[in-house]
Amino acid sequence: MKILRCSHKVLGQAVTIRCLFVSLLACFAANTVVAQSLDKIDAQSWSDAVAPGSIGGMTMQKMKPSQFKHRAADKTISLDGTWTLRGADESNSGICIDAKVPGSIHTALFSKGVIPDPRVGRNDTIAEKCSYKTWTMTRTFTYNGDIEDPQLVFDGIANRCTIRLNGQIVCEHEGMFGVPPQPVGKLLRRGENTLEVTLHPIVAMFNNEWPNIANQSWKRTVVVNCVYGWHYSKIPSMGIWNNVRLESRPARRIEHPFVITRSTGGDMRLVLSLPQQVTGEVRLLVKPANFKGNIQAYKATVNNASGETAFDFAIAQPQLWYPNDVGPQNLYDAEVQLIVDGKVTSTATKRFGIRTIKMKPFPEGEKPDLYNWTFEINGREQFVKGTGWCTMDALLDLSHDRYNRFLSTAKQQHCQMIRAWGGGLPETETFYNLCDSLGIMVMQEWPTAWNSHNIQPYEMLEETVRLNMLRLRCHPSLVMWGGGNESDAPYGKAIDMMGRYSVTLDGTRPFHRGEPWGGSAHNYNCWWDLLHLNHNLNMTARFWGEFGIPSLPCLESKQKYLDGEKYSWPPAPESVFTHHTPMFGTNWEIHRLNQYAGYFTSTDNLDDVILGSQMAQSEGIRHTLERARTMWPSTTGALYYKLNDNYPGLSWSTVDYYGAIKPAHYFARRAFEPTTTVLLFDRTNMCAQDVSLPYFILDDNETLAGKEAKAHLTVWDNEMDTVADTLITVKAKGRVMKIADVAIPGEFTDTQMLWFKTDLFDSNGALVARNWYFANYDTRHNAMLKSYRAQLAIVQQGDKLTLTNTSDAPAVGVTIEVPGESATLTLSDNYLWIDPGETVTVTMNTTGKARVTGWNLIQ
């Protein structure tokens, strides 16, 4: 008999030992081995938890939509807008300015000229000191008494605060991600009212452990912890950063409506909470939110109902929500009414999508040390392509436009999933509404990291999980809950609480104790361990949760934060440049930057180092992504680190803090193209070596299946002379199809540069996708910039840029910029390969004058 094996320190927890022991006894009793996934083993820690979809539900009857009388949602009064920010310590008592809510105190102080721009130079050290002071925020508002049982709601305050209404304490609170609704009916006055929030200083807790630059107090509370100095920025969040309002909470009301998809055929469930026992009727109106379709209405009678109540209904001709590149993102709006004695006493609205998710095992079946990592969305298994997500701004600019800049870029990159890590926040409604509409699935982690859940206050974590899980659970883009970031022992009371709530408050999504865990992997041997780029070209995982290499932003972005510093190379340890590196220059960042940029360019001037670092990032990401895709279904997903920044500087992001898109975006985009061809490389330098390159067709949606396809691979040397030309015709099948091992003898690889271009054509001869590569770039500095042969004719008409290659050699690395607009520029494509005689048209989101350069253009 084979004994079940478990790893990842599972045996360190008594509750899990008992679960495993019971499973083993059952196996011995039956004289058989029953495989269990880590999902099932984890779930035994909260096996008595009951999901909303499992309770008995009442069947709703259809009614004519015309009989449904629309009524606005329960009344609210927004208290967002202009508040007054005052210093409340001796050192800041002279400060009294207007401040925008939602927002941070740092943004308010900067906007009024009290402090310099925290993003520029070393000004973050000035902004940081403001977080260690006491501040008050005050506003007046008029109330006419027209709200039934008014509650005061703060969706987010950073971090410790005392809330007063008309001089009376409403509550004291700590924890950044929501204050429970507070009844204030007895404190409100008809006419003018004064609301005051005292923001208590962030605790300063430094120790002698490396890195001693970080404020360790984040481990003793619940906050966005990536702004406490362990990474990028050290400006601990402070302010009323999310919405504030008065809202009606009548006794006979609807709370927390939750629409559950039970099947893709339209079998649905509505779950809601009724705080008080009621007899009456619940009505539901469902209408398409972003597509044309029928409005449908339902009703059900309730008799002495209270607490969590479930209703089953069926949507005719259901239109499903799909991830990006798989199908449309159809969304519905639901309006739910509670009717008592013929009157509507409460109304709530929710947007939802019809989408199912199931986690399936790897091909070898379930194992006790592996989660089921194959995502099955709407009944179809898929390889998941995506990236990491960092809280968007250390200064808490969480505006719709800023979110849209980054998330729409992720969609263009063919990302299907974003991991909102435990270093950040349970994301906002704006974030999730955009992800719903863009088809970007979200792995949402709770704000813990590196075993901090063991010392963070349990009550604060519990409140954060409960409030935000209820808030987010209707979003179809949300596909997984996670316990936090990079804890090597994700066990204990807090993690089990998260797992239990993932069932009792949701039950429609998987929960993972941590990331990486149970088969996923993070890897930074390139960079932190100074390994050669070849490492990233060859590394594999069952599911990639994080990996990558940092790069510098473009020069236009750097000039925004260098504060006029004259840049030279290498920069001094005390320079602004060095300060804006991942650990503020305390961990050999400049040495690492020189190593990885030096594979491509010289390291004696900033312009070359920027390009070199960006190419190292592109190579360090794209090859790992492509190799992972070819390993489907043994590898089921890859999320590189990361899409965005919370602060300007040297970073792993593919879009810099200001919104400027780095080259890695375009190379990742080609790696993620749903249907394309890829070559696998195991080394950066193959000079004078016989090589064999595996050649694949990737077709995620099997659009070519059963049809003829042609893959055309051409290879050029340093002089842009052809050294290999291969055309392969196949009958496409499956999602991953190996079509050749392309052999190139050493006599043809003996060159300073090798250039590879692969085109995929369908059965009609139409170009489906183009991918291109470069190798031998580390034979000497700037080798990739020395193949001068190509010339372009450039014509710009408004937002259209037409590029024609008028030479007899390919133009490679053709780069389009619009000076002064890098932070907002969006292009249909960039970093192009243009064949001799070929014309390419690029669409821009601007009519500004474009500048075109290239790696091998004759200028």
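Contact, in what follows, means heavy atoms within 4.5 Å. Leaving out residues up to four places away in sequence, Pro288 touches Gly293, Asn294, Ile295, Leu331 and Tyr332. Pro288 and Asp333 are 45 residues apart in sequence, yet their C-alpha atoms lie 6.2 Å apart in space. Pro288 has a relative accessible area of 16% and is therefore buried; buried means under 20% relative accessible area, exposed over 50%, and partly exposed in between (1.4 Å probe, protein chains only).

A word on the model itself. This is a predicted model, in which local features need pLDDT of at least 70 and side-chain atom pairs count only at pLDDT 80 or more, while totals for chains, interfaces and linings use all residues. Residues are numbered from 1 along each chain as its sequence is written, and side-chain values use heavy atoms, with hydrogens and water left out.

Now turn to the helices. The axes of helix H5 (residues 400–412) and helix H6 (residues 429–438) come within 10 Å and cross at roughly 30°. Axes here are lines fitted to C-alpha atoms, for helices over the stretch in contact, and angles run from 0 to 180 degrees between N-to-C directions. From H5, the contact is made by His400, Tyr403, Asn404, Leu407, Ser408 and Lys411, and from H6 by Thr430, Phe431, Leu434, Cys435 and Leu438. These residues divide into 6 nonpolar, 4 polar and 1 charged; Ala, Val, Leu, Ile, Met, Phe, Trp, Tyr, Cys and Pro count as nonpolar, Asp, Glu, Lys and Arg as charged, and the others, Gly among them, as polar.

The next pair is helix H7 (residues 458–472) and helix H8 (residues 493–504), which pack at an angle of about 20° with their axes 10 Å apart. H7 and H8 are therefore roughly parallel to each other, a label given to angles under 35 degrees, with over 145 as roughly antiparallel, 65 to 115 as roughly perpendicular and the rest as oblique. Tyr458, Leu461, Glu462, Val465, Arg466 and Met469 in H7 meet Lys493, Ala494, Met497, Met498, Tyr501 and Ser502 in H8. By class, this contact has 8 nonpolar, 1 polar and 3 charged residues.

Charged pairs come next. Side chains of opposite charge can pair when their charged atoms come close. Taking a salt bridge as a side-chain nitrogen of Lys or Arg within 4 Å of a carboxyl oxygen of Asp or Glu, the count comes to 46 salt bridges. One of them joins Arg245 and Glu247, whose closest N and O atoms are 3.0 Å apart. Arg245 counts as partly exposed at 22% relative accessibility, and Glu247 as buried at 12%. Lys642 and Asp645 form another salt bridge (3.2 Å, N to O), and both residues are buried. Lys738 and Asp741 also pair, with their closest N and O atoms 3.0 Å apart; Lys738 is partly exposed at 45%, and Asp741 is partly exposed at 44%. Salt bridges that share partners join Asp155, Arg245, Glu247, Arg249, Arg253 and Glu255 into one network.

Asn242 sits in the loop between strand S13 (233–234) and strand S14 (244–248), and it counts as buried at 15% relative accessibility.

Finally, some backbone details to look for. A cis peptide bond joins Ala158 and Asn159, with omega about -10°; Asn159 is in the loop between strand S7 (150–154) and strand S8 (160–165). The bond from Glu515 to Pro516 is cis too, with omega near 5°. Trp450, in the loop between S25 and H7, has a positive phi near 50° although this residue is not glycine.

Note on methods
Helices (H or I, at least four residues) and strands (E, at least two) are DSSP runs, numbered from the N terminus.
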